[in-house]
Amino acid sequence: MNSTSASDTSQPVSGEHRRTPHPVRAIIQVTSGNMLEMYDFMVFGYYAAAIGAAFFPSKDPSAQLLQSFATFGAGFLMRPLGAIILGAYVDRIGRRKGLLLTLALMSVGTLSLTLTPSYATIGFVAPLLILCGRLLQGFSAGVELGSTSVYLSEIATERTRGFIVAFQSASQQVAVMAAAAIGVALTAFIAPEQMASWGWRVPLLIGCLIVPVLFFLRRNLKETESFEKIHHHPTFRETLSALLKDWRICLTGIMMVLMTTTSFYVITAYTPAFGHAVLHLSSRDALIVTLLVGLTNFLALPLFGALSDRVGRKPLLIGSTLIAIATAWPAMKWLTADPSFLHLMVVELWLALIYSAYNGGAVPFLTEIVPPRIRTTGFSLAYSLATCIGGFTPAICTWLIGTTHDRSMPGLWLSLAAACGLVATLIARPYDRTGSAS
C-alpha cells in the first residue's frame with residue numbers, strides 16, 4: 001500500500017523504547033470479547049441441526065441442516081461491510097473504543113438468537129429474526145477479530161509479535177472448548193428430544209450472562225502508543241481511497257486468510273455435524289473430538305507463533321500449506337473408509353496441528369503487510385472477505401458431499417484453500433518501519 005507510506009511512520013516500535021500495557025493483562029482484556037464472538041459462532045455450528053428443526057421446518061433433515069448452515073454462513077456476508085464501516089471508524093477513534101463498540105453490537109446479536117421463539121410459535125418471523133441476529137453478529141465480527149489482532153500486534157515487541165498475536169486465535173480455542181464441554185454436559189443430563197426443543201438455547205444463554213464481565217474487562221484497556229503516534233487519522237473517504245489504490249494487498253490477504261478460516265471451520269464448527277450426520281457417530285463422540293481439537297489448538301498456537309518469531313513467517317506458512325495440500329484429502333479418505341471415534345480424533349487432531357502451524361504465522365504476518373494508518377480496516381477487510389468464503393465451509397462441505405456422494409470432500413476443499421494460502425505467502429511482502437514494502 002505505497003499510497004499511504006508517507007504517513008505510515010508509526011510501525012510498532014520496539015518495546016524497549018515505549019511503555020506498553022502489561023502483556024498478560026492486555027491479552028485477557030482484549031481477547032475476552034473475541035472469545036464471546038467465537039463461542040456464539042461455535043454454538044450455532046454445534047447445534048445447527050436443532051436450530052434448523054426449530055426455525056426451518058422441513059420433512060428433509062438434510063434440507064433443514066443446509067438451511068441452518070446457510071443462515072450460519074449469512075453472518076459472514078456482513079463482515080466486509082462491518083470491516084469497512086467499523087474498521088474505518090476504529091482507525092479514526094482508536095483501538096480501545098472500537099473494542100468496546102464491537103462487544104456491544106455482538107451482545108445484541110447474541111441476545112436475539114437466545115430469545116427468539118421457534119417457527120411453531122411465531123411462524124416465518126422466527127427465521128427472519130434469527131437471520132437478523134446472525135447479520136448483526138457478522139457486522140460486529142467484521143472488525144472484532146481485526147481490532148483484537150491489531151491491538152495485540154501494536155503492544156508487542158518485534159521479537160514477540162508472533163507469540164503475542166497468537167493469543168487472538170488461542171482465545172477462540174477457549175471458546176471452542178467451552179462450547180464443546182457445555183455440549184458434552186448437556187447431552188449427559190438432557191434427553192435428545194429436550195435438546196432439540198430447548199436445550200440448544202442454554203449455551204447461548206450462558207454467553208449472554210458473561211457479557212457484563214467482558215465489558216468490565218475491556219473498559220480498562222489503554223490505547224496503543226502506535227495509534228497515538230499517528231499524527232493524522234484518516235477519514236472514511238481517505239480510508240476507502242487507500243484500500244482501492246492498494247487492492248493487491250487485500251487480495252493477497254484474502255487468499256492467505258482463506259486457508260485459516262476454511263481449516264478452522266472444518267475442524268471445529270463442522271466436526272459435530274460431520275461426525276454425527278455424515279459418519280453416523282454419536283453426538284457425544286463428535287463433541288469430545290471437537291473439545292480435544294480446541295485444546296490442541298490452544299496449546300499449539302502460541303508455540304507456532306513463537307516459532308514464527310524465530311524462523312520467520314514465510315517458512316512456517318509455506319511448510320504448513322504444502323503439508324495440508326499433500327495430506328488433507330488422503331486423511332479424509334482414510335477416515336470415511338472406516339469411520340470411528342479413534343479415526344475421527346486422529347484426523348481432526350492432525351488437521352488441527354496444520355491449522356495451528358499456519359495460523360501461528362499468518363495472523364501476525366497479515367498485521368505486518370498492512371500499513372499502520374489503516375491497519376484495522378485493511379486487516380479486517382481482507383479477513384472478512386476471506387471469511388465470506390471460508391465461513392460457508394459447513395454449508396459447502398454439506399453440499400459437496402450431497403452432490404458427489406463422496407464423504408471425503410471436506411479434505412479436498414481444505415486442500416484448495418491451502419493452495420490459495422501458499423500462493424499468497426509467496427507473493428506477500430511485509431512493510432518495514434518506514435512504511436515501505438520490503
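Me: In which hand do H4 and H7 cross in this predicted model?
Reply: The model is predicted. In it, the axes of H4 and H7 come within 7 Å of each other. The crossing of these two helices is right-handed.

Me: How do the residues of the contact of H4 with H7 divide by class?
Reply: From H4, the contact draws on Arg79, Leu81, Gly82, Ala83, Ile85, Leu86, Gly87 and Val90. H7 contributes Gly138, Phe139, Ser140, Ala141, Gly142, Val143 and Ser147. Gly counts as polar in this scheme. The division is 8 nonpolar, 6 polar and 1 charged.

Me: Which residues of H13 does H4 meet?
Reply: Helix H4 spans residues 79-93 and helix H13 spans residues 236-245, and their axes lie 9 Å apart. On the H4 side, the contact is formed by Ile84, Ile85 and Ala88. By class, this contact has 5 nonpolar, 1 polar and no charged residues. The partners in H13 are Phe236, Thr239 and Leu240.

Me: What term describes the orientation of H4 and H13 to each other?
Reply: H4 and H13 pack at an angle of about 120 degrees. Roughly perpendicular covers 65 to 115 degrees, and roughly antiparallel begins over 145. The pair is therefore oblique.

Me: How many charged residues does the contact of H16 with H17 have?
Reply: The axes of helix H16 (residues 283-311) and helix H17 (residues 313-337) come within 6 Å and cross at roughly 125 degrees, which makes the two helices oblique to each other. Phe304, Gly305, Leu307, Ser308, Asp309 and Val311 in H16 meet Arg313, Pro315 and Leu316 in H17. The class count is 5 nonpolar and 2 polar, and the charged residues number 2.

Me: What is the volume of the largest cavity?
Reply: Rolling a probe the size of a water molecule over the atoms shows where empty space is left. The structure holds 3 cavities of 30 Å³ or more. The largest cavity has a volume of about 80 Å³.

Me: Which helix gives the most to the lining of the largest cavity?
Reply: The lining consists of Met38, Arg79, Leu145, Gln172, Thr260, Thr261, Phe264, Tyr265, Tyr355, Tyr383 and Thr387. The elements giving two or more residues to this lining are helix H14 (247-267) and helix H19 (375-390). With 4 residues, the helix that gives the most is H14.

Me: How do the lining residues of the largest cavity divide by class?
Reply: Tyr counts as nonpolar here, and Tyr265, Tyr355 and Tyr383 are among the lining residues. Arg counts as charged, and Arg79 belongs to the lining. The class count is 6 nonpolar, 4 polar and 1 charged.

Notes
Residues numbered from 1 in each chain as written. Predicted model: local features only at pLDDT ≥ 70, side-chain atom pairs only at ≥ 80, totals over all residues. Heavy atoms only, no water. 1 Å grid on protein atoms, 1.4 Å probe; cavity = no way out; pocket = protein on both sides within 12 Å on 5 of 7 lines; lining within 4 Å. Points joined across faces, edges and corners; volume = space filled by probe spheres on them. Axes fitted to C-alpha atoms, helices over the stretch in contact; angles between N-to-C directions. Parallel < 35°, antiparallel > 145°, perpendicular 65-115°, else oblique. Contact = heavy atoms within 4.5 Å. Left-handed = near helix turned anticlockwise from the far one by under 90°.
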